[in-house]
Amino acid sequence: MPHPKRQALIDKYGLNQSTDETLNNLISSIAQLFDVPVAMTAIAQKGHFVFQSRYGLDIDTSPLEDALCVLVLNEEKQVVIPDLLEDERYTESHFAEKRPGLRFYAGTPLVIEDVVIGSVCLIDTKPRQLTEQQCATLHQFSSFISDHIALKREHYQLQNEHSLLDNSPAVMLCWRYENGLILQSVTRNSEDVLGLSHEYITTHQQSFESFLTQASQEEFHFMIQNHLSGVETTEIHLELSNTTRRVWIRLLSKAFFDEEGRLLTIQAIATDNTEQRHFEKRLNDANRQMRLLLEASELGTWDYNTETDHTQVNKRWCDIIGVDYEFYDGSSRFWRQRIHPADLQYVNKKIEAHLKGESKVYSEVYRMRHENGSWVWIETYGRVVERDETGRALRLAGTHRDITERKLAEIHQMKQSQLLGFINKARAAYLENHDLSNACQKILPELIDIADSQFAFIGQIVFENNKRRLFIHAISELSWNSASEALVELYKGRKLYFDSFDNLFGETIKTEQTVISNQLGSHPASVGTPKGHPPIYRFMGLPIQLQGEITGMIGLANKFSNYTEQDAEFLKPLRDALAGLFYAVELETARLEAENQLLRMAMTDPLSGLNNRRAFLEYLGSLSQDEISYFVMLDIDYFKSINDRFGHDVGDSVIKQLGSVLKESIPAPHFTARVGGEEFAIVLHEQSTESVTTRLTKLMETIRHTEFALPNKSSVTVSMGVAAYTCDNTSTALTQADKALYKAKENGRDQIAWFEND
Ligand SMILES: Nc1nc2c(ncn2[C@@H]2O[C@H](COP(=O)(O)OP(=O)(O)OP(=O)(O)O)[C@@H](O)[C@H]2O)c(=O)[nH]1
């Protein structure tokens with residue numbers, strides 16, 4: 001039966017190959033010892049035996065069925081056939097007859113790894129007997145051959161290993177210890193790997209350490225000391241200098257001790273790690289340079305571990321926000337709490353997005369609170385430096401740069417242009433409709449924004465009955481109860497005034513100075529806020545002055561940080577602009593006043609105080625046809641005789657008095673004018689002729705009963721001609737009224753005549 005492992009073992013031990021010279025010699029010695037003409041080792045192969053070593057045999061293989069060794073293989077024990085012709089197992093098969101020279105056979109199993117792989121056989125042409133001792137000797141030879149086969153394989157293996165080692169990047173060294181290390185062996189690759197000539201060190205016996213640099217010699221001694229004190233394995237890095245090239249090696253050593261613990265030998269494997277050392281050195285240099293660079297560039301560094309929520313930072317990071325490095329708390333809560341509330345949300349969003357891999361770099365500019373309460377502008381750059389196998393970010397690292405100075409300058413510049421922008425806006429708004437309150441209200445939100453404040457107002461000083469009041473052009477609308485709601489209503493109706501100056505904002509008016517209070521209630525002028533008023537934490541009052549005189553003020557409240565003199569200075573252009581606008585309003589008012597006066601003069605008859613002819617004509621031009629109007633021409637009766645009898649002055653005073661009567665009797669919306677010497681025009685906006693007649697009759701009565709300044713106390717009468725404004729132009733209506741007046745004169749005067757078509 002073929003053994004399942006047999007063929008594998010034969011392959012493993014190389015027994016299917018060439019004959020073994022040593023075994024051949026041995027077999028020939030065995031043949032001589034047993035005094036047989038033929039001896040061999042037969043290794044069972046598929047269907048045949050291979051005679052790996054043989055003596056007295058010409059053939060090197062034989063089919064299985066032709067070989068007696070099959071018996072040994074099958075029975076797995078020694079087989080001795082003293083005489084083949086006598087053996088009943090073979091007589092019938094005529095086995096012996098086919099092999100005339102074969103009479104004696106002795107075979108003993110050849111065992112490798114407990115498997116019979118063949119046999120060691122003796123053959124003779126004549127019958128013979130083996131003694132027990134000879135059988136045992138044959139057994140011993142067989143096991144000797146097994147050992148030989150095993151040793152040979154081991155030898156080959158070692159040879160292979162050695163050749164592998166010779167070509168490997170690892171050099172094996174072995175030292176014996178006898179009051180010092182003596183290099184016993186070193187693999188041939190030492191020259192290639194370490195630059196150490198194998199020939200040189202094996203022939204000159206130069207100590208290994210003489211090839212080391214000073215520092216490495218110390219390291220090597222340290223390794224020996226370790227082994228001497230019982231340490232079994234060590235790993236050191238050494239630099240070889242006296243070799244064909246400069247090499248760094250990594251030396252892994254293992255010590256072997258005797259039973260009493262004394263060091264016997266040290267075996268070591270040396271590998272060239274020059275490149276790694278150079279790489280490490282470059283890395284260290286780069287790290288050092290990076291550190292120097294970071295220090296020189298004043299960069300703070302941070303390394304955030306998302307797993308532990310711990311952030312490692314350098315000292316500069318702490319210095320930027322005035323935190324003592326020793327007391328730095330690495331939790332993310334620590335730095336998140338210090339981020340300006342207005343910036344925190346977008347910082348968090350940016351970090352999240354970057355951790356998710358949505359951005360290549362995490363970069364942001366934001367504010368962090370300094371230990372001293374101020375805000376530091378931070379420019380940060382970072383990126384994920386470690387992710388787990390699922391891609392989840394484990395570490396985010398980066399730098400901090402304090403850009404406060406640059407940022408404040410930028411903000412200042414930006415705010416300045418913003419300030420100029422809205423100053424222009426205020427001017428433009430004012431020029432558009434000359435409404436200062438509207439202009440102030442338009443810029444109030446921007447003022448609040450630019451001053452980083454919560455509330456603001458702009459007020460102008462006005463005088464009423466020699467009393468100073470602050471008229472509020474614009475104010476943040478705050479109401480918290482019905483009284484304050486009423487104030488808001490007043491404001492909307494442009495009637496809000498601050499009258500009392502015995503408080504914090506009034507202090508600005510009284511002192512004409514900038515007033516700053518950064519702590520609620522701390523200022524001597526502070527009287528607190530009305531109940532329910534939103535709290536005021538900080539306040540700044542800025543005077544608006546023109547040519548050294550206060551003309552108004554700006555009030556600002558609740559800046560996120562303290563108000564400063566710089567803030568006041570910054571808003572100076574706005575204050576000056578407002579002062580200019582206040583002044584412009586004053587000028588404008590005065591100019592309008594003068595203009596109106598001139599206009600009034602141009603349109604008024606100086607004697608009667610009524611509108612003059614020019615005003616009357618303009619008025620006619622303004623009338624629209626759909627208005628129901630009546631034109632009246634009024635003329636003093638016999639006025640010439642008044643002049644003639646009492647003089648021109650008396651005539652004048654009559655005209656003057658009549659003017660007063662007309663003014664009183666014909667109020668607006670009706671219109672009266674003196675259109676000639678003693679001739680007057682009236683435009684009545686009445687609904688019917690009846691009401692016209694009633695009004696004019698009453699006027700006649702009044703004139704009749706008026707005491708004119710005539711020396712003879714006589715009364716004055718007037719005549720009137722009336723025409724309805726029904727035609728399409730005023731001059732026709734006037735002509736008609738004139739015609740009616742002529743009729744009234746003709747008919748005897750002191751009467752009203754209506755125009756009638758002839
Ligand atoms: N005192 C004075 N007289 C004026 C003024 N303007 C015109 N007169 C005079 O008014 C008089 C007008 O007289 P007439 O037009 O003749 O008419 P009358 O005398 O009023 O007679 P009837 O109109 O027909 O009733 C003239 O004597 C003018 O000199 C003025 O401003 N002051």
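Modeller: With residue classes: Ala, Val, Leu, Ile, Met, Phe, Trp, Tyr, Cys and Pro count as nonpolar, Asp, Glu, Lys and Arg as charged, and the others, Gly among them, as polar. The shell around the ligand has 3 nonpolar, 4 polar and 7 charged residues. This is a predicted model, in which local features need pLDDT of at least 70, side-chain atom pairs count only at pLDDT 80 or more, and totals for chains, interfaces and linings use all residues. Residues are numbered from 1 along each chain as its sequence is written.

Biologist: Which residues come nearest to the ligand?

Modeller: A residue is near a molecule if its C-beta atom, placed from the backbone, lies within 6 Å of it. Of the 14 residues around the ligand, the nearest are Phe639, Lys640, His648, Gly651 and Gly677. Two or more shell residues each come from strand 23 (630-636), helix 21 (639-646) and helix 22 (648-665). Helices (H or I, at least four residues) and strands (E, at least two) are DSSP runs, numbered from the N terminus.

Biologist: How are helix 21 and helix 22 packed, and at what angle?

Modeller: Two packed helices are described by the angle between their axes and the distance between the axes. Axes are lines fitted to C-alpha atoms, for helices over the stretch in contact, and angles run from 0 to 180 degrees between N-to-C directions. Helix 21 and helix 22 pack at about 135°, with axes 6 Å apart. Helix 21 and helix 22 are therefore oblique to each other; angles under 35 degrees count as roughly parallel, over 145 as roughly antiparallel, 65 to 115 as roughly perpendicular and the rest as oblique.

Biologist: Which residues make the contact?

Modeller: Two residues are in contact if their C-beta atoms, placed from the backbone, lie within 7 Å. Helix 21 gives Phe639, Ile642, Asn643 and Phe646, while helix 22 gives His648, Val650, Gly651 and Val654. By class, this contact has 5 nonpolar, 3 polar and no charged residues.

Biologist: How do I read a sheet?

Modeller: Strands of a sheet pair through backbone hydrogen bonds, either parallel or antiparallel. Two strands pair if DSSP finds at least two bridges between them. Inside the order, 8 bridges join strand 21 (residues 539-546) to strand 22 (residues 549-557), and Phe539 has Ala557 as its bridge partner.
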